[in-house]
Amino acid sequence: MNYFLYTMPDEEKNILEHIPGYLAVFCYSNGEYSLILVSELLAKVFGGSKDELLAMYLQQKADFIHPDDVPSVAAVMGQVLMESDNPYEIALRVQVPPENEYKLFKGSVSGKAVEKGIVLIYVNVYEITENFDYDRTGNKLTALDYNTILLDRILNTTQAMIFWKDKNRRFLGVNQAFLDYYGFSSLSEVIGKNDEDMGWHPDPEPFRKDEEEVLSGKSTFMVQGECVVRGQVRQIRASKGPVYDNGKIIGLVGSFIDVTDDFEKNKQINKLNNELEKANKSMVEFISRMSHEMRTPMNAVIGLATLGLDKTEDPLAKEYLKKILFSGQYLLGIINDVLDVRKIEGGEIVLDHRPFSFGDVLDAVETIIRPIADEKNISFIMDDSKINTWNIVGDKMRIQQILINLLNNAVKFTDNGGRVYLDINQQIQGDNVEMEFVVEDNGCGMSEEFLPKLFNNFAQENRDPSKYGTGTGLGLVISKKFANMMGGDISVESKENVGSRFTVKIVLELGLQDEGILDTASTWKQHHDDFSVLKGARILLAEDNEINAEVAQGLLDEVGANVDIASNGRIAVDMFNKSEEYHYDAILMDVRMPVMDGYEATARIKALPRMDSIDIPVIAMTADVMEETMKKARECGMAGYVSKPIDVHEFFSTLAGFVSDLRKKNNGK
């Protein structure tokens, strides 16, 4: 193989071969390096002529380079090929005849593109040492000389700025990096001066105190301060230690690095963090307020539907009211989506653990999904033939939320005349019930690229909104997290323009087959005995919304409780203060009211000089279920809370528990 891939002009070749230095020129082409020129001085190092050295390279290639140095040499060569105009430092050990001992070569490498696909690489060696045992003149070094040279090389090749001072904090010496950093041309500009003489610290006091500590025997590490460098204020971090001679401190040695870029980045990060913290507080307040504003009217819808079911015997009216109740609960679920994501990620969600009939779940699914499927002429089929038990213990509302989210999406993304199928499988394993739900459709499906992002917050594939509508992009995220909390998961198979298949697996507990199960969609008179303690109980209700007050009073009337209503917190405080001690068994307190909110009203009631002010249970009634709100309620003295829209069983259970505790504590007063 001809290693002369490139013909160098004779004039240039003649100059390079005779330069008073150690030079090698390589030619890179087609992934290979070829040595095409060496200077006469470099050839003499190898004990031969230029042609002999070229021939030796052709035979040995990289074998004469120390194996440990081959990777670093290859890396430098690669850098030169990418940026041929920039010089790069290089150090390598090379076998030199006749003993073939390794000598250390140090120098620089640069490149020049001469033709398409051909680059000349110039290796200029300025230092050759043999095991560090000889200086450049060939004289044998003593141990002291060796250490001096070695220290000099370390000090002047490191990138850190190094200095040493006497006991009066005057500079005795600095390394080359120090001179380069400040732009000094010689040591004379620094030696014998202290920091104050140089005037390079806007505030020299921290550095002076730092060095005085070091001179007293302490070492300091990464002390940060400002330094003026060529008219610009820079941030540096310095580390220093004392220097001893025969047990006495004679000075100090130190080093510093420039951290301006990191400092500015950290400032920006801190600024962004502060802005994010403010934005987060604003967002929490916004979500809290919107939660209250949206959930308050939903309380009226769900509460009045619940009361209506108990007031009528008309089958058609009951059916309508059931659908209003289920639809209201589903709409409430949508409102809760944004809140749920934040609460799940914050670890604030706790699953409800309560007996229920799985038939209620299917009734809710049927009520919500059937009408929207019929509207698109979509065949909606539910197969519950493999259900072995209907009585289950778990979070009914969360299970409904998972199924309705999946089925609603299936209907949304299936064209008119399509099909949506829900298959339910159930296995009883000891005291557990393993549930599997398969939701399948023949809709538009999802692309292979989108599937990995499916369960990310706000992830939505680009679809025609006029055809498929819009959504929050949170339903699937929440559903998957709920499934995980129930000991299961959600998996998906989908193909674009073919359809999708979602499989949900969760683990619930087996309920007792004769266990009475509360169905909030049906009359609950039969359950009044569970809350008999509320019959005749005197309740102070603080609520500014007339409809919500009507709902709460209607529910309490059904269990025989006596209710006094206050339209704001101030009136509630006055009514309680004017009543006889232990007249009221409990106070239901809305937290957001005009004139005086529930927090302040509760704090004032608890501060009244009455025997019952501490004992009276104040129960927060709030449409805002954020953890911050619950914390604030506890801090002002509230004993518990019930959320709006009112869950009838939760409402009566909570109230009955507090009333019973108060009566026991006060011997039936």
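Colleague: Two strands count as paired if DSSP finds at least two bridges between them. With that settled, which open sheet has antiparallel pairing, and in what order do its strands come?

Modeller: This is a predicted model, to be clear. The sheet has five strands, in the order E7-E6-E10-E9-E8, and they pair antiparallel.

Colleague: Which strands are at the edges?

Modeller: Strand E7 (171-174) and strand E8 (220-229). Each of them pairs on one side only. Neighbouring strands in this sheet are turned by 30° against each other on average, ignoring direction.

Colleague: How many bridges hold E6 to E7?

Modeller: Three, in the antiparallel sense, with E6 covering residues 161-166. Phe-163 stands opposite Val-174 of E7.

Colleague: Which helix packs on that sheet?

Modeller: Helix H8, residues 205-215. H8 touches E6, E8, strand E9 (232-245) and strand E10 (248-258). The direction of H8 makes about 15° with that of E9.

Colleague: Now the parallel sheet. What's the strand order there?

Modeller: E19-E18-E20-E21-E22, five strands in an open sheet. Its edges are strand E19 (562-566) and strand E22 (640-643), each pairing on one side only.

Colleague: How many bridges join E18 to E19?

Modeller: Five, with strand E18 spanning residues 538-542. Leu-540 has Asp-564 in E19 as its bridge partner.

Colleague: And what does helix H17 touch on the sheet?

Modeller: Strand E20 (586-590) and strand E21 (618-622). H17 covers residues 598-607, and its direction makes about 150° with that of E20. Helix H19 (residues 648-665) lies across E18, E20, E21 and E22. H19 runs at about 160° to E22.

Colleague: Switching to helices. At what angle do H11 and H12 pack?

Modeller: About 25°, with the axes 10 Å apart. H11 is residues 358-375 and H12 is residues 396-412. That angle is under 35 degrees, so H11 is roughly parallel to H12.

Colleague: Is the crossing left-handed or right-handed?

Modeller: H11 passes H12 in a right-handed crossing.

Colleague: Which residues make the contact?

Modeller: From H11, Ala-364, Ile-368 and Ile-372 are among them. From H12, the list includes Ile-399, Leu-403 and Leu-407. The residues of this contact divide into 13 nonpolar, two polar and two charged.

Colleague: Last one. How many helices and strands does the chain have?

Modeller: 19 helices and 22 strands. Of its 669 residues, 46% count as buried. Among contacts with a separation of 6 or more, 62% come from residues 24 or more positions apart.

Notes: Residues are numbered from 1 along each chain as its sequence is written. This is a predicted model: local features need pLDDT of at least 70, side-chain atom pairs count only at pLDDT 80 or more; totals for chains, interfaces and linings use all residues. Side-chain values use heavy atoms; hydrogens and water are left out. Helices (H or I, at least four residues) and strands (E, at least two) are DSSP runs, numbered from the N terminus. Contact means heavy atoms within 4.5 Å. Axes are lines fitted to C-alpha atoms, for helices over the stretch in contact, and angles run from 0 to 180 degrees between N-to-C directions. Angles under 35 degrees count as roughly parallel, over 145 as roughly antiparallel, 65 to 115 as roughly perpendicular and the rest as oblique. A crossing is left-handed if the near helix is turned anticlockwise from the far one by less than a right angle, and right-handed if clockwise. Ala, Val, Leu, Ile, Met, Phe, Trp, Tyr, Cys and Pro count as nonpolar, Asp, Glu, Lys and Arg as charged, and the others, Gly among them, as polar. Buried means under 20% relative accessible area, exposed over 50%, partly exposed in between (1.4 Å probe, protein chains only).
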